[in-house]
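Q: Hello! I have a protein open on my screen and would like to learn how to read it, feature by feature. Could you guide me?

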Amino acid sequence: MTTREKHLVELVDDAGHARGETTVSAAHQPPGQLHRAFSVLLVDPDGRVLLQRRAGVKTRFPLRWANSCCGHPAPGESLAEAANRRLREELGADPVELTEVGVYVYYAEDPATGRVEFEYDHVLRGGFRPGTPLLPDPDEVAELRWVDPVELVADLDADPRAYAPWLGGVVKRLLRPTVGPPNAATSPSALPADDASERSGGR
């Protein structure tokens, strides 16, 4: 088990209220435990978003394209602090100002590794200055690319297996920011259409 798998995450209820803690590893074992997470989308002045292809050593959805950075705040840690810490660790990026544009609750099973994502995901938007250097950690990131988010939505529909299953919901919240907790139930059997799960042997 890697050191990161031993880190603590904050367990939450359906409304996002803290209800305890467990390790990253335990939270992602089937059937999964709902916990707080964040997804960062860095956006340049032209409106393009930075995607990373997750490194092959990742325990969940390796080599899939995902948003700029993902992670879990430690229990009691602010989202901004946690997100900027992970931006530095994954991308070598300087701190950025972050704005929450919505919450995305999703459930997904990784057919390749058997791990589960069941996350109360805070979607965070950050501006990115052109020319700012990035030094991605190869243990975290295989590739980087900039894409138009509208074109990305179309490609997600055309080739979903190339992407992490949460990316569609994250990008939709960037394009249509929301306020407050999600309206949908969070049990794996009652997710809304845009929160469709990726189950073993699925799409």
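Q: Let me begin with the overall build. How many helices and strands does the protein have?

A: Welcome! Please keep in mind that this is a predicted model. The protein has four helices and nine strands. Starting at the N terminus, its elements follow the order β-β-α-β-β-β-β-α-β-β-β-α-α.

Q: What share of the residues counts as buried?

A: Of the 203 residues of the protein, 48% count as buried. A residue is called buried when its relative accessible area is under 20%, and exposed when that area is over 50%.

Q: Which strands pair with β4, and in what sense?

A: One partner is β9, which pairs with β4 in the antiparallel sense over six bridges. In this pairing, V49 stands opposite V147 of β9. Another partner is β5, residues 65-66, which is joined to β4 by two bridges and also runs antiparallel to it. There, Q52 stands opposite A66.

Q: Now the rings, please. What describes a pair of aromatic rings?

A: The distance of the centres and the angle of the planes describe such a pair. In this model there are five aromatic pairs. One of them is formed by Y104 and Y106, whose rings are stacked, with 5.2 Å from centre to centre and 25 degrees between the planes.

Q: Are Y104 and Y106 buried or exposed?

A: Y104 is buried, as its relative accessible area is 1%. Y106 is buried too, with a value of 3%.

Q: How are the rings of F128 and W146 arranged?

A: Their centres lie 5.4 Å apart and their planes meet at 50 degrees, so this pair is tilted. F128 sits in the loop between β8 and β9, while W146 belongs to strand β9, so the pair ties together parts that are 18 residues apart in sequence.

Q: And how accessible are F128 and W146?

A: F128 has a relative accessible area of 9%, so F128 counts as buried. W146 reaches 27% and therefore counts as partly exposed.

Q: Which residues do ring pairs link into a cluster?

A: The cluster consists of F61, Y104, Y106 and W166.

Q: Which residue lies over the face of W65?

A: That is R145, at 4.4 Å from the ring centre.

Q: Next, empty space. What shows where it is left?

A: Rolling a probe the size of a water molecule over the atoms shows it. In this structure, the count comes to one cavity of 30 Å³ or more. The largest cavity holds about 50 Å³ of space.

Q: Which residues line the largest cavity?

A: The lining is made of A93, D94, P95, V96, G127, F128, R129 and T132. By type, four of these residues are nonpolar, two are polar and two are charged.

Q: How much space lies in the largest pocket, and which residues lie nearest its centre?

A: The largest pocket has about 510 Å³ of space. Its lining has 30 residues, and R4, E5, K58, R60 and R86 lie nearest the centre. The elements that give two or more residues to this lining are β3 (35-43), β6 (69-71), α2 (79-91) and β8 (116-127).

Q: How do the lining residues of the largest pocket divide by type?

A: They divide into 14 charged, 10 nonpolar and six polar residues.

Q: Finally, the loops. Where is G76, and is G76 buried or exposed?

A: G76 lies in the loop between β6 and α2. Its relative accessibility is 75%, so G76 counts as exposed. G76 and V9 are 67 residues apart along the chain, and their C-alpha atoms are separated by 9.6 Å.

Q: Where does P133 lie, and how accessible is P133?

A: P133 is found in the loop between β8 and β9. With a relative accessible area of 58%, P133 is exposed. The C-alpha atoms of P133 and A93 are separated by 7.1 Å, although the two residues are 40 residues apart along the chain.

Technical notes: Residues numbered from 1 in each chain as written. Predicted model: local features only at pLDDT ≥ 70, side-chain atom pairs only at ≥ 80, totals over all residues. Heavy atoms only, no water. 1 Å grid on protein atoms, 1.4 Å probe; cavity = no way out; pocket = protein on both sides within 12 Å on 5 of 7 lines; lining within 4 Å. Points joined across faces, edges and corners; volume = space filled by probe spheres on them. Nonpolar A, V, L, I, M, F, W, Y, C, P; charged D, E, K, R; others polar. Buried < 20%, exposed > 50% of the residue type's maximum accessible area, 1.4 Å probe, protein only. Phe/Tyr/Trp six-rings, centres within 6.5 Å; stacked < 30°, edge-to-face > 60°. Lys NZ or Arg CZ within 6 Å of the ring centre and 35° of its normal. Pairing = 2+ DSSP bridges.
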